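Dear colleague,

I am handing over the structure below, and I would ask you to keep it open while you read the notes that follow.

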Amino acid sequence: VAAVVNAQPEGVVFVSGGTEANHLALSGSGRNRVLVSAVEHASVLSAVPRAERVPVDREGVLVLDALECLLAADARPALVSVMLANNETGVLQPVSAISAIARAHGALFHCDAVQAAGKIALDAAAIGADLITLSAHKLGGPPGIGALIVTGELELTPLLRGGGQERGRRAGTQNVAGIAGFAAAAAAAKETAVYDRVRLLRDELEAEVTAMAPEAVMLGAEAPRLPNTAAIALPGVPAETQVIALDLDGVMVSAGAACSSGKVGPSHVLEAMGVGSNLVRSAIRVSLGWESSETDVAHFLRAWTALYRRCRGSAFLARAA
Amino acid sequence: MNSNILAASPETRTRLGNAMPIYLDNQSSTRLDPRVLEAMLPYFTEQFGNPHSTSHAYGRMAAEAIDQARSEVAALIHADARELVFTSGATEANNLAIKGAAHFARLYQRSEQPRDHIVTLSTEHKCVLESCAALEREGFDITYLQVEPSGLVSLDRLAAALSERTLLVSVMAAHNEIGVIQPLAEIGALCRAEGVLFHSDAAQAFGKIALDVEAMRIDLLSISGHKVYGPKGIGALYVRRRPRVRLLPLIDGGGQERGLRSGTLPTPLCVGIGRAAAIAAAEMTDEAGRLRQLRDRLQGGLARQVPGLRLNGDVECRLPGSLNFYVPGIAAMKLIEACPGIAISTGSACTSASVEPSYVLRALGLSKADANSGIRIGLGRFTTSAEVDFAVDTLADAAGRLAAEATVAEQQGTPI
């Protein structure tokens, strides 16, 4: 597991998943002042509700000057938590630059790499983070297991106390089968070249959609992104309508983060990017996997075309126009 | 490793070179029931959807499987499915119950009188004691009650410890080292009468003995999957709805589990603990009878063949598959090393790496030397009577040899 990010094995703390790892990082670092990007996962945003939020630009990329100013304005020792790749848009953050700024101000840096691991090559030294979060089930391993990787000497205050498992950093009987699955998936995750093919598929998918519907917006597409994710907004058509129509046509996509399902509300990620509220409500997330094929993409395009044609003459688009 | 070796009789295994010792440490973990594995497998492969992505069939099928699992776990303790919060295990459930209740009380306290006092037993599992110790550092007042020499709680002492400031009582349902079953209904009635929350760590008891959160007036109950032939990495906390017990979550985020525990639920593990609960519900009574017979066979055999053997913990109120004993003068580690054919332990897995004698046995009044001689054996669903007989012979043989060595050493004046 450590090898996924070229870290040392003794730095790995096995936990129940990405959410717990993020919590352990943010609450266990010992830093009272916490800065997070405005597009972080809900598990980071809610771990420290009082955290200061650093804005992102229209493509979803952290505004480095803003981070610099916030850190310079207050001398208290801080922790900066910025994800490597966004779960809704796939947009990558300039983590090396963020690390350099954090370090220059004596701040610790935590990087949630849950979505990035397995899809792009990662290196702990290049990321420059003190703490890195990984989740097994996002990289082909089983659910219920994740890791927080401590790259240096940082002493964590544990979230769960009890027996001295995980060098006293996380109590509880280890999920051995989950860890074995995580390890096998981690070994496979080193082979990120498979995603070169996925990137071509994703780009083709976006190009076809754009060719058919010039009004469709590919959110975050100008920024460096994960190879598998597309956030597609079709102005005037509610995301739920699109998701249900595609579902009936045999294509499973979502309207954003799974964790927020059940609670209805616009995406905080897209809002932070300054995407208009009309567009936010019409955005769907399409994410391909290593096993996705051209046939799958063709299937999606057929279903999306049918959806688009049905909606084109309807009240939704008329109102949008 | 050839799995046939594990299924073979002890004699065959010895003949095959004893690839793996006979497993007699079912308190520390249990073997996954093949029926549980079978139920889990599809949720690792075809049905891998995120149960919280209910916009499509993959997610919905996973969500339905989790609903069923939740009902199966709830049924075994006579709770409502909505009262169960899935966690990563009993350690997390205990941390959530104790810290969650304490932190909620501190944040939302309404009356003049603060509820900042917690009562627990000095023999509780480390994760309960450590959670309490963390709260103590935050200013909470913790009473660690001494137990009777039998390991049972003294109800009089418990009643005397409660005050208007008491928020919570935490008492383990069945003990992980000595197997002692506490009088849960009596403790529950006492707590309810005093307006105190009652939490019980039922990691060892769940699926082994009848538990009824209504009849026993339990407000919070911790459950583990891997102690009941389910998978590791999953547990649950029962949180009473009527009257409602309020907790602050340990892990926030996506708001899963009604906001009490965020994080993607591991569908195959949830299905596993559900199936394990359903099997226990159907087979618990018969299994308890069988395990009691096996344990009595083990206990009787050892009592006959090992002079001086003494039992730890109450012999009546005890988990059917559990046995804890010591042979004065024979250190547990020596005895364990002398019995490589059987997998047994000195006590809790969480503390067995430590060189200190069991704090549990010390709390029963054992001397340091006697506590250092404590051996824990846990029989389980897959234990056979042939394995029990093999264990008796192995232990008796080793104890005899060690006692003889000790006598010789004593005569020569060199301590061993």
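Which side chains does a polar contact of 2.6 Å join? The model is a predicted one, and in it this contact links the side chain of B:Arg261 to that of B:Glu92. B:Arg261 sits in the loop between β8 (235-239) and α9 of chain B, and its side chain also makes a polar contact, of 2.7 Å, with the side chain of A:Ser16. Because its relative accessibility is 8%, which is under 20%, B:Arg261 counts as buried. Leaving aside neighbours within four places in sequence, the residues in contact with B:Arg261 include A:Glu20, B:Phe86 and B:Gln256.

The other part I looked at is a pair of helices in chain B. Helix α4 (residues 57-76) of chain B packs against helix α9 (residues 267-305) of chain B at an angle of about 35°, with the axes 8 Å apart, and the crossing of α4(B) and α9(B) is left-handed. Among the residues that make this contact are B:Ala62, B:Ile66 and B:Val73 of α4(B), together with B:Cys270, B:Gly274 and B:Met284 of α9(B); the residues of the contact divide into 14 nonpolar, two polar and two charged.

For α4(B) itself, the 20 residues should span 28 Å at 1.5 Å a residue, and the end C-alpha atoms are 29 Å apart, which agrees. Its buried residues include B:Gly59, B:Ala69 and B:Leu76, and what covers the buried residues of α4(B) includes β2 (84-87), β7 (220-224) and α9 of chain B. After α4(B) comes B:His78, which has a positive phi, near 60°.

Definitions and conventions
Residues numbered from 1 in each chain as written. Chains lettered and ligands numbered in written order. Predicted model: local features only at pLDDT ≥ 70, side-chain atom pairs only at ≥ 80, totals over all residues. Heavy atoms only, no water. Axes fitted to C-alpha atoms, helices over the stretch in contact; angles between N-to-C directions. Helix = DSSP H or I, 4+ residues; strand = E, 2+ residues; numbered from the N terminus. Left-handed = near helix turned anticlockwise from the far one by under 90°. Contact = heavy atoms within 4.5 Å. Nonpolar A, V, L, I, M, F, W, Y, C, P; charged D, E, K, R; others polar. Expected span 1.5 Å × (residues − 1). Buried < 20%, exposed > 50% of the residue type's maximum accessible area, 1.4 Å probe, protein only. Polar contact = N/O pair within 3.5 Å; in protein donor to acceptor, adjacent residues only side chain to side chain.
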